[in-house]
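Colleague: I'm new to this one and would like to know how you back up the words you use. Could you show me the model and let me ask about it?

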Amino acid sequence: MVNPVAQAHRGLGTTLFSLLNPIPFGFFVGGLIFDILYLNTAEVMWGKSAAWLITFGLLIAILPRLINLFAVWRRNGTATDRLDFLLNLVAIVLAVWNAFVHSRDAYAAAVPGTILSALTVALIALGFIVLSLQQPVLQGARHG
């Protein structure tokens with residue numbers, strides 16, 4: 001999915017954003033799945049795997065968020081674009097908190113880690129939904 005704000009300004013930033021933006025979501029969904037498995041099985045491997053996936057998701061999320069920050073706030077993005085940015089920003093803050101929660105030892109991270117992973121995934125998914133529902137601006141005649 002290409003950000004509508006970025007579509008108007010094609011370039012290296014838009015290309016990097018389009019390539020990198022979906023990747024953290026996949027890592028966070030994987031982290032949620034592993035958190036759920038860890039919660040149900042108490043197998044340490046699932047908890048450690050979730051921690052790694054969340055960390056990789058955060059590392060890859062940095063560049064698209066910076067590009068989006070510039071595109072949305074500097075180039076007069078729409079209210080929908082700003083809402084998507086803020087949802088992603090809150091999700092990343094929750095993911096950072098989740099990474100610290102996952103640094104705890106043993107089963108203490110299971111419940112709060114699963115809750116934070118679910119909130120992170122839900123906020124990013126909501127941002128994708130908000131962007132997908134944004135109506136493109138039609139130039140010329142209106143079709144009724």
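Colleague: Which residues line the largest cavity?

Modeller: Keep in mind that this is a predicted model. N21, P24, F25, F28, A61, R65, N88, I92 and I124 line that cavity.

Colleague: What makes it a cavity rather than a pocket?

Modeller: A 1.4 Å probe fits there but cannot get out, so the word is cavity, whereas a pocket is open. The volume comes to about 50 Å³. A search of the whole structure turns up one cavity of 30 Å³ or more.

Colleague: Which helices supply at least two residues each to the lining?

Modeller: Helix 3 (22-41), helix 4 and helix 5 do. Helix 3 has the largest share, with three residues.

Colleague: And how does the lining split by class?

Modeller: Six residues are nonpolar, two are polar and one is charged.

Colleague: Take W52, then. Why is W52 called exposed?

Modeller: W52, in helix 4, has a relative accessible area of 56%. The cut-off for exposed is over 50%, so W52 counts as exposed.

Methods: Residues numbered from 1 in each chain as written. Predicted model: local features only at pLDDT ≥ 70, side-chain atom pairs only at ≥ 80, totals over all residues. Heavy atoms only, no water. Helix = DSSP H or I, 4+ residues; strand = E, 2+ residues; numbered from the N terminus. Buried < 20%, exposed > 50% of the residue type's maximum accessible area, 1.4 Å probe, protein only. 1 Å grid on protein atoms, 1.4 Å probe; cavity = no way out; pocket = protein on both sides within 12 Å on 5 of 7 lines; lining within 4 Å. Points joined across faces, edges and corners; volume = space filled by probe spheres on them. Nonpolar A, V, L, I, M, F, W, Y, C, P; charged D, E, K, R; others polar.
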